[in-house]
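My entries follow in the order in which I made them.

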Amino acid sequence: MTTITSASTTTTGTMTTPAGATTPTGATPDPSAGTHPSAARRVTGGAAGSTEVPPARRATAGGAGPAGTTESASATAPPGEPATAPGTGISADAPGIPSATPATSATEALPSTPSAPPTSPAPTGPAPATPHDPCTHGFLPERPPVRSMIGTWTRLDAMARAAAVAPDREAAVALVERARRAEELSALRQRVSRLSLRNAEAAAMRIAVIAVSCGWCGLDPQAPAAREVADEAFLDLWAAIAHRIDHDQFVALPTLALHNWVPERKPRRHIPIDQLARTEVLVPIVRWAPEGQPLSRLDRLMLAATRLEAHGIWLFRLAETLAGRSPDDSSTPTALRRLVRVQHALRAQLLAEATDLTAAPATPQQRAVLGALAEQGALEPPVLQAAEAVLGIGGRRMGEGRRQLLRRHLPAQHRAWLSAMDRHCAPVRTLAHRGGPDAAVYREAQESLIALRRTYTALVQAAARPAAPPLPAAA
């Protein structure tokens with residue numbers, strides 16, 4: 001093994017080590033690395049300086065891999081943006097966090113050589129965003145919900161639509177029993193594992209509609225006591241869907257509202273889902289009012305919760321901004337003032353929804369559904385839970401048990417995000433025990449959250465109120 005060097009120039013080319021690895025002729029292998037094929041080699045000299053490189057792979061014809069890749073490639077931030085630690089909004093260049101973009105990698109200084117593709121290729125670009133990143137679209141789904149299911153699942157679609165417009169609970173239960181006798185429920189149960197996650201979430205929404213229509217929203221489908229109340233085949237399907245989406249307590253507003261809407265007309269171009277829900281006219285997939293009739297109060301309440309989530313996307317982003325900030329940081333009161341403006345805008349959005357909701361029709365069955373959901377604490381909008389995680393007690397003082405009781409209706413990744421906000425925003429909440437202008441801004445944010453909660457509670461009460469009797473005809 002020899003190295004060809006010159007005092008003034010370096011001859012380009014490669015040389016082959018006994019292990020079959022290629023090394024630039026301007027670089028000197030470290031003798032301590034050994035000659036074993038699996039041993040890492042230290043390369044000195046050349047543009048890369050001194051760095052560790054992975055063991056070379058034997059070249060194969062036609063098996064050239066992409067140039068400039070390593071076995072342990074790290075994610076990098078988009079050009080012009082600082083790398084951030086996932087989920088915290090804290091720059092990766094901050095003290096204590098290693099930089100995500102090394103200045104020079106070893107293979108950038110080495111010429112590309114044909115090699116067999118690695119068995120487990122590591123990602124070379126930025127890590128893809130998680131499907132439920134709250135900073136991207138809040139707690140809305142990544143894509144618009146499935147409008148119509150296909151194949152055998154059309155039976156579940158039809159059953160949910162029929163149960164939603166059933167005149168009472170007994171009629172809805174009769175629909176489930178008829179499907180069991182026809183062995184439709186067992187046929188669907190056998191096909192749950194084949195569903196994609198998006199279609200499984202669509203099936204979960206339809207299961208939730210059937211469950212609340214039958215008065216079963218407070219049941220645990222795997223509890224033995226539930227089989228004394230509800231149909232066993234339906235409980236088996238319910239439990240299988242819950243296992244498929246990894247969410248046991250999904251019969252609640254987040255599923256019934258955020259997965260039960262579509263734009264009235266298909267947009268001409270692709271737009272973010274939160275913008276789609278804000279700007280387009282929304283219609284429910286499964287209507288609580290019969291086809292051809294105006295939307296009911298329950299329909300309008302669920303659509304109002306969806307639009308509230310879409311307008312609250314800035315609240316999630318401000319929560320990430322406040323996470324980990326010191327109460328003495330100059331940016332903290334600025335973010336709190338923006339949070340106040342966002343909460344005022346959300347309250348105005350709810351007040352605008354109240355007029356149409358109050359004028360909408362309502363049936364005793366729909367009011368019974370609302371009452372059952374409210375009794376289970378299943379009508380809490382996710383965006384309000386996010387605001388409470390930042391600001392603390394919110395509209396009412398609640399213990400940790402009560403908070404977790406409300407959050408159990410959210411998917412696991414959303415509950416984890418809220419728990420992280422509880423921890424990371426604890427320094428900001430110490431402003432509640434201080435004085436001065438910053439503390440006054442914090443208290444104003446809490447007061448605006450209290451007003452927002454009261455407005456939402458009034459909207460739910462209006463939806464559950466008996467419909468006004470029709471005016472008598474003039475003589």
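I am working with a predicted model, in which local features need pLDDT of at least 70, side-chain atom pairs count only at pLDDT 80 or more, and totals for chains, interfaces and linings use all residues. Residues are numbered from 1 along each chain as its sequence is written, and side-chain values use heavy atoms, with hydrogens and water left out.

**Entry 1: Arg-453**

I found twelve salt bridges in the structure. Arg-453 forms one with Glu-388, with 3.3 Å between the closest N and O atoms. This pair links distant parts of the chain, since Arg-453 is in helix H17 and Glu-388 in helix H13, 65 residues apart. For helices I take DSSP runs (H or I, at least four residues), numbered from the N terminus. Arg-453 and Glu-388 are both buried, where buried means under 20% relative accessible area, exposed over 50% and partly exposed in between (1.4 Å probe, protein chains only).

I then looked up Glu-380, which sits in the loop between helix H12 (364–375) and helix H13 (382–391). Its side chain meets that of Arg-453 in a salt bridge (2.7 Å, N to O). That pair also links distant parts of the chain, with Arg-453 in helix H17 (residues 437–464) and Glu-380 73 residues apart from it. Glu-380 counts as buried because its relative accessibility is 10%.

**Entry 2: Arg-161 and Asp-157**

Next I checked the salt bridge between the side chains of Arg-161 and Asp-157 (3.2 Å, N to O). The two are four residues apart in helix H2 (residues 154–164), so about one helical turn separates them. Are these residues buried or partly exposed? Arg-161 is partly exposed, at 29% relative accessibility, and Asp-157 is buried, with a relative accessible area of 5%.

**Entry 3: H9 and H10**

Last, I looked at how helix H9 (residues 297–311) and helix H10 (residues 313–322) pack: the angle is about 40° and the axes are 4 Å apart. Axes are lines fitted to C-alpha atoms, for helices over the stretch in contact, and angles run from 0 to 180 degrees between N-to-C directions. H9 and H10 are therefore oblique to each other; angles under 35 degrees count as roughly parallel, over 145 as roughly antiparallel, 65 to 115 as roughly perpendicular and the rest as oblique. I noted Glu-309, Ala-310 and His-311 of H9 and Ile-313, Trp-314 and Phe-316 of H10 as making the contact (heavy atoms within 4.5 Å).

Notes
A salt bridge is a side-chain nitrogen of Lys or Arg within 4 Å of a carboxyl oxygen of Asp or Glu.
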